[in-house]
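Good morning, everyone, and thank you for making the time. Please have a look at the sequence and the structure on the screen, and then I will walk you through them one part after another.

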Amino acid sequence: MISVVAFLAGCVGVWGQEYEWKADLMDGSRTGCVSPSKDNVPQTLGVFKGGRYIAPDGTVYPRKSTVAKTARVVMDAQPAMARVKDVVGYSTSAMTAEYPESALSNWFIDILMSKTEKLSGKKVDIGITNFGGIRIDMPEGEIILDDMLSMFPFKNQLAYVELTGKQIREVLEKMAERRFEVLGGVRVVADGGKLLSVEVGGEPLDDEKVYCVATISFLLDGGDGLSLAKDALSVTVYEDVQIIDAVLEHIYAETAAGRPIEYKTDGRVVVKDYKRR
C-alpha cells in the first residue's frame with residue numbers, strides 16, 4: 001500500500017524561516033523508503049547503525065543530518081502506529097467519493113441508514129450525509145484500520161430525524177440549486193438547478209407523509225448549509241455512536257463472513273446538466 005506523506009521543501013535560514021509543504025508519494029524514489037506495515041519497518045524505513053542512518057537503498061547519512069533526524073522521528077512513531085496498520089478488510093476495487101453519486105458515497109450512507117435503523121428500531125426511509133465527511137478514497141486490496149480512520153476522521157454521531165415529505169422536498173430543492181449531498185433511499189432527478197422528481201422507496205415523495213431520516217449530528221444545525229433538526233417532528237442523536245463506529249462494525253462483519261468490500265452506483269442521484277470535469 002502506498003501512503004501519502006508531507007515533504008518539506010524550500011529554504012530554512014538561521015533567522016526567519018520559510019516553509020512550503022506539498023504532498024508526495026512515499027514510493028521509494030528518494031531513499032528507497034516506502035510505506036511500512038507493522039512488521040517490516042527496517043526493510044521499508046532503514047536502520048541506524050554506529051550512529052549513522054542507513055536508508056533502504058543503502059545510502060548512509062550522518063546521524064545529525066536532516067534525513068537521519070526525519071527518519072528517526074518516523075521510525076520512533078511506528079510502535080504507536082502498529083494498531084492502525086492492522087488489516088481490517090479487503091476491497092475488490094478502488095472507490096472514490098465522486099459527485100453526484102459514487103460507489104463509495106452510496107456504500108457510506110447505506111451503512112449509516114442500516115445502523116440508524118438498528119439503533120432506532122424503526123424503518124429508515126432516507127439517508128443524508130455530506131461528501132465533505134469522506135476524506136480519502138477506498139484503496140484496492142487490503143484495507144488497514146488507518147485507511148478507515150483517515151477516511152472518516154470527524155467525530156460526528158449518528159442521528160435519527162423525522163421530517164414531513166414537504167420538509168424533505170425543501171431540503172432537496174435547496175440541494176438542487178447548489179449541490180446534492182450524499183443521499184440514500186431516494187431517487188432524485190434535477191436539471192438546471194431545479195428538482196424535477198423525487199422517489200422514496202420507489203414511490204413519489206408524499207408531502208403529507210412523515211419520513212424517517214438517518215443523518216449525522218453535523219448536519220442538524222447548519223453544517224454544510226443543512227439544518228435538518230429545524231422544525232423536525234423528532235430528533236434523536238446517538239451520542240455513543242460515531243460515524244467510524246458504524247463503518248468499522250460493517251467492515252468487521254463483512255470480513256468475518258468472508259466477504260470483500262465492494263459497492264456500485266445505482267442512479268439514485270441524476271443531475272442532467274452536470275458535466276464531469
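Let me begin with a definition: a salt bridge, as I use the term today, is a side-chain nitrogen of Lys or Arg within 4 Å of a carboxyl oxygen of Asp or Glu. By that rule the count comes to nine salt bridges. Please keep in mind throughout that what you see is a predicted model.

Before I turn to individual pairs, here is the overall layout. The protein chain has six helices and 16 strands, and of its 277 residues, 42% are buried. If we take the contacts with a separation of 6 or more, 66% of them are between residues 24 or more positions apart. The protein chain exposes about 15,200 Å², and carbon and sulfur atoms supply 51% of that area.

Where do Arg72 and Asp76 sit relative to each other in helix 2? They are four residues apart in that helix, which runs over residues 66–81, and so they are separated by about one helical turn. Arg72 itself counts as partly exposed, because its relative accessibility is 36%.

The next pair is Lys122 with Glu162, where the closest N and O atoms are 3.6 Å apart. Lys122 lies in the loop between helix 3 (103–120) and strand 7 (126–129), while Glu162 lies in strand 9 (residues 157–164), so this pair ties together parts that are 40 residues apart in sequence. Lys122 is partly exposed at 41% relative accessibility, whereas Glu162, at 17%, counts as buried.

Salt bridges that share partners join Asp110, Asp266 and Arg268 into one network. Is Arg268 buried or exposed? With a relative accessibility of 6%, Arg268 counts as buried, while Asp266, at 45%, is partly exposed.

The largest nonpolar core has 64 residues, and the ones with the most contacts inside it are Trp107, Met148, Phe152 and Phe180. Helix 3 gives the most to this core, with eight residues. To see one of these residues at work in the packing, take Phe180: leaving out residues up to four places away in sequence, its contacts include Tyr99, Phe131, Leu172, Val188 and Val271. There is also a second, separate core of nine residues, with Ala55, Tyr61, Ala68 and Met75 among them.

How many disulfides does a search of the whole structure find? It finds zero. Cys33 counts as buried, because its relative accessibility is 14%, and Cys212 is buried as well, with a relative accessible area of 12%.

Ser91 lies in strand 6, residues 87–91, and it counts as buried because its relative accessibility is 0%. The side chain of Ser91 reaches the backbone oxygen of Pro139 at 3.2 Å. Beyond its neighbours within four places in sequence, Ser91 is in contact with Met138, Pro139, Glu140, Gly141, Ile143 and Ile261.

Asp86 lies in the loop between helix 2 and strand 6, and, with a relative accessible area of 29%, it is partly exposed. From C-alpha to C-alpha, Asp86 and Ile144 are 5.3 Å apart in space, although they are 58 residues apart in sequence. Again not counting residues up to four places away in sequence, Asp86 touches Lys38, Ile143, Ile144 and Leu145.

Finally, Asp273 lies in the segment after strand 16 (269–271), and it is partly exposed at 40% relative accessible area. Which residues is Asp273 in contact with, leaving aside its neighbours within four places in sequence? They are Asp191, Gly192 and Gly193. Asp273 and Gly192 are 81 residues apart in sequence and 6.1 Å apart in space, C-alpha to C-alpha, and a polar atom of the Asp273 side chain lies 3.1 Å from the backbone nitrogen of Gly192.

Technical notes: Residues numbered from 1 in each chain as written. Predicted model: local features only at pLDDT ≥ 70, side-chain atom pairs only at ≥ 80, totals over all residues. Heavy atoms only, no water. Disulfide = S-S within 2.5 Å. Buried < 20%, exposed > 50% of the residue type's maximum accessible area, 1.4 Å probe, protein only. Helix = DSSP H or I, 4+ residues; strand = E, 2+ residues; numbered from the N terminus. Contact = heavy atoms within 4.5 Å. Areas by Shrake-Rupley, 256 points an atom, 1.4 Å probe, with all protein chains shown as cover. Polar contact = N/O pair within 3.5 Å; in protein donor to acceptor, adjacent residues only side chain to side chain. Core = buried A, V, L, I, M, F, W, Y, C linked by side-chain atoms within 4.5 Å.
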